[in-house]
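Visitor: I have the sequence and the model open, and I would like to be walked through them slowly.
Guide: Gladly; ask whatever comes to mind.

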Amino acid sequence: MEDEVDRLVAAWRRERPDLDVEPLEVLSRVSRLARHLDRARRLAFSEHSLEPWEFDVLTSLRRAGAPYQLSPGQLLTQTLVTSGTMTNRIDRLAKKSLVERLPDPSDRRGVLVRLTEEGRDRADQALAGLLDQERAILAELSRAQRAELAALLRQLTAPFDNIPG
């Protein structure tokens with residue numbers, strides 16, 4: 001079965017036979033798949049009145065386990081945004097009653113961000129919707145193929161995820 005990347009690669013091989021365009025066969029597909037995944041994520045989240053960034057913050061708190069709270073610094077590490085962006089996101093989620101700020105008992109000047117019950121419910125429902133979307137995307141692959149693909153992608157992403165700083 002031919003896809004858009006096959007057509008793109010064939011055109012480049014015709015136009016620039018002097019270049020090795022093999023990386024496009026993998027990374028252009030990864031890029032196109034990322035766009036499709038982004039659409040699927042947005043659809044799954046919108047069904048629960050969430051933006052992707054809201055889902056990221058809420059599920060970071062949800063994964064922390066009871067009592068579902070983290071410091072803003074811990075949220076920064078997990079969501080890869082700046083301090084100012086995180087402050088804005090926490091403010092917006094608090095206005096929606098999806099999170100609350102609490103004093104940090106181990107740091108008089110610090111705060112903890114805790115998931116509210118409504119925030120937890122929305123995160124759980126959105127996650128279930130996302131997993132339905134993602135299962136549909138992966139339906140053409142066998143369990144063994146999914147495991148192999150996950151291992152290969154891990155090999156590519158691990159160096160980026162393990163860069164100090």
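**A walk through the fold**

Visitor: Where does proline 67 lie?
Guide: Proline 67 sits in the loop between α3 and β1, where helices (H or I, at least four residues) and strands (E, at least two) are DSSP runs, numbered from the N terminus. The peptide bond from alanine 66 to proline 67 is cis, with omega near 5°. Just after α3, glycine 65 takes a positive phi of about 80°.

Visitor: Before we go on, what kind of model is this?
Guide: This is a predicted model, in which local features need pLDDT of at least 70 and side-chain atom pairs count only at pLDDT 80 or more, whereas totals for chains, interfaces and linings use all residues. Residues are numbered from 1 along each chain as its sequence is written, and side-chain values use heavy atoms, with hydrogens and water left out.

Visitor: Okay, back to α3: how many of its residues are buried?
Guide: Nine of the 12 residues of α3 are buried, so this helix is largely enclosed by the rest of the structure; buried means under 20% relative accessible area, exposed means over 50%, and partly exposed lies in between, using a 1.4 Å probe and protein chains only. The buried residues of α3 include Trp53, Phe55, Leu58 and Leu61.

Visitor: And what span should α3 have?
Guide: At 1.5 Å a residue, helix α3 (residues 52-63) should span 16 Å, and its end C-alpha atoms are 16 Å apart, which agrees. The expected span is 1.5 Å times one less than the number of residues in the helix. Helix α2, with 25 residues, reaches 37 Å from its first C-alpha to its last, close to the 36 Å expected.

Visitor: Which residues touch the most other members of the largest nonpolar core?
Guide: Of the 21 residues in that core, Phe45, Leu58, Leu61, Leu75, Leu93 and Val99 touch the most other members. A nonpolar core is a set of buried Ala, Val, Leu, Ile, Met, Phe, Trp, Tyr and Cys residues joined through side-chain atoms within 4.5 Å. The elements that give two or more residues to this core are α2 (22-46), α3, α5, β3 and α6 (117-137), and α3 gives the most, with five residues.

Visitor: What does leucine 58 touch?
Guide: Leaving aside residues up to four places away in sequence, leucine 58 touches Leu50, Leu93, Leu98, Val99, Leu115, Gly119 and Ala123, where contact means heavy atoms within 4.5 Å.

Visitor: Let's switch to the strands; in what order do they come in the sheet?
Guide: Three strands form an open sheet in the order β1-β3-β2, with antiparallel pairing. Because β1 and β2 (99-104) stand at the edges, each with a single partner strand, one side of each is left without a neighbour in the sheet. Two strands pair if DSSP finds at least two bridges between them. Six bridges join β2 to β3 (residues 107-115), and two bridges join β1 to β3.

Visitor: Which residue is the bridge partner of glutamate 100?
Guide: In β3, the partner of glutamate 100 is arginine 114, and glutamine 69 also stands opposite arginine 114. Further along, aspartate 104 stands opposite aspartate 107, and a hairpin joins β2 to β3 through two residues.

Visitor: Which strands does α5 lie across?
Guide: Helix α5 (residues 83-95) lies across β2 and β3, running at about 120° to β2. For that angle, axes are lines fitted to C-alpha atoms, for helices over the stretch in contact, and angles run from 0 to 180 degrees between N-to-C directions.

Visitor: Is serine 71 buried or exposed?
Guide: Serine 71 is buried, with a relative accessible area of 18%. This serine lies in the loop between β1 (69-70) and α4 (72-79), and it touches Val111 and Leu112, not counting residues up to four places away in sequence.

Visitor: And leucine 80, buried or exposed?
Guide: Leucine 80 is exposed, with a relative accessible area of 76%, and its place is in the loop between α4 and α5. Leucine 80 has a positive phi of about 55° although it is not a glycine. Serine 97, in the loop between α5 and β2, likewise has a positive phi, near 60°, and this serine is partly exposed, with a relative accessible area of 41%.
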